[in-house]
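Dear colleague,

Here is the structure I said I would pass on.

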Amino acid sequence: MIYRLVYNLLIHLFSPVLLAMLYWPKQGKPGFGRRWPEHLGWVRPTSTARPLWLHAVSVGEVVAATPLIKALKAAHPEIPIVVTTTTRTGADQVARLGELVEHRYAPLDFPWAVAGFMRRIQPRALLIMETELWPNLLHACGQRRLPVLVLNARLSARSADRYRRFHGLFKLLSANITHLACQYRDDAERFAGLGVPRERLSVTGSVKFDIGYDEKVHRQGRTLHEHLGASRPVWIAASTHEGEDEQLLAAHRQLLQRHPDALLILVPRHPERFDQVAELVAQQGFILCRRTDDNPGPQTQVYLGDTMGELPVMLAAADIAFVGGSLIERGGHNLLEPAALGKPVLTGPSTFNFSDITRQLATAGGARVVADTDELVTALESLFADTEQARAMGRRALAVVRANRGALARTQTLIQDQLAL
């Protein structure tokens, strides 16, 4: 009880800062428009009663949840699904699901905002993608005896150590969770070590391995590569962050000395950085073409991916994929997207968010971890010089994805059993 009181005092005390971070306009950052009150629990009721509520914070979680949503709708078309996100980019990703689901913004973790959301939506159960745990949200579910399933759950050793230092807070969170479907046995063991009963733990694998792209994406990727220059060596740096773009451009400058016709597809992680990165590329003297301009010439050196939802096509267009958030201390991003397209994958040393996936891909020879810009250039030159080596690396990456599929079916069965669907 004391933890909730302190927590609520702090979030209300710092609410001006929290709200400013969420709503403060930035160049290129999409706003929430007239839907901003949804974060405060003022949402429209759904078109049908008692929906299944799935929460996915942003784009990555929505992408991971998409196959599960489609499978649940196919098995239970009569059950409506509401998907909540916190971010606008996540909302845009949900919009691609069309009429399969309804979207609402998730309530911020104020008790009154959560209560307002619950009262208007009247969910039958809550599915949380990964480990997005909020004290007031979980407490409200417990009060209403609402089943809460955490899917694709993970718990790093670092996070487990933090929870041990504040064990009372973790007990407050975990008390209202019905079941945790963990990605790996190590995750389940860490949750058990924190006191979660083993009967509330399962190991289902990561649904992210169930990612798959149809022939349309591959075809669009080939078309884009031809549009950029059919015979050019093309590499992509995807989901990049500030402080990382400079390193990648430095690597590309070195690569151009050996391969003067090489092209870098540069895709920043956040859309509000598109213009900033475009300025950086121009300042460094590269010949730039933006995806929104889409008029690349043979002299174009950097192709800026400044659109949303087209990353799979851009990955498919590249010969080699580098996954960002890894040359700086951000923990990396999902290597499975290029791996599922059969691309050789490169990543920097900071991969703690995807350590198991990185280890599996690297052990199988489908990915390489590069320590810095120099090692990145060496890896790129090696793969461009030996196209068969690059293709074999891509095949091994795809084999890892295929070997680990099945979490989707296990997760769907778990949901059906736990919720008696």
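Strands S2 and S3 (residues 102–105) run parallel and are joined by four bridges. Within that pairing, Glu102 of S3 is the bridge partner of Val82. Between S2 and S3 the chain passes through helix H4 (residues 88–95), a right-handed β-α-β crossover. Please bear in mind that this is a predicted model.

S2 also pairs with strand S1 (residues 52–55), again through four bridges and in parallel. Leu54 stands opposite Val83 there.

Strand S2 (residues 81–85) has five of its five residues buried.

On packing, the largest nonpolar core has 37 residues, and Ile236, Ile265, Ile357 and Leu361 have the most contacts inside it. Helix H13 (311–317) is among the contributing elements, and H13 gives the largest share, six residues. Ile265 touches residues including Leu228, Trp235, Tyr303 and Met314. Apart from this core lies another of 31 residues, among them Val114, Met118, Leu133 and Val196.

As for the cysteines, the structure holds zero disulfides. The closest cysteine sulfur to that of Cys141 is in Cys182, 18 Å away, which is too far for a bond because a disulfide needs the sulfurs within 2.5 Å. Cys141 is buried, at 0% relative accessible area, and Cys289 is buried at 3%.

Regards

Notes
Residues numbered from 1 in each chain as written. Predicted model: local features only at pLDDT ≥ 70, side-chain atom pairs only at ≥ 80, totals over all residues. Heavy atoms only, no water. Buried < 20%, exposed > 50% of the residue type's maximum accessible area, 1.4 Å probe, protein only. Core = buried A, V, L, I, M, F, W, Y, C linked by side-chain atoms within 4.5 Å. Helix = DSSP H or I, 4+ residues; strand = E, 2+ residues; numbered from the N terminus. Contact = heavy atoms within 4.5 Å. Pairing = 2+ DSSP bridges. Right-handed = clockwise from strand over helix to strand, strands pointing away. Lists of a residue's contacts leave out its neighbours within four places in sequence.
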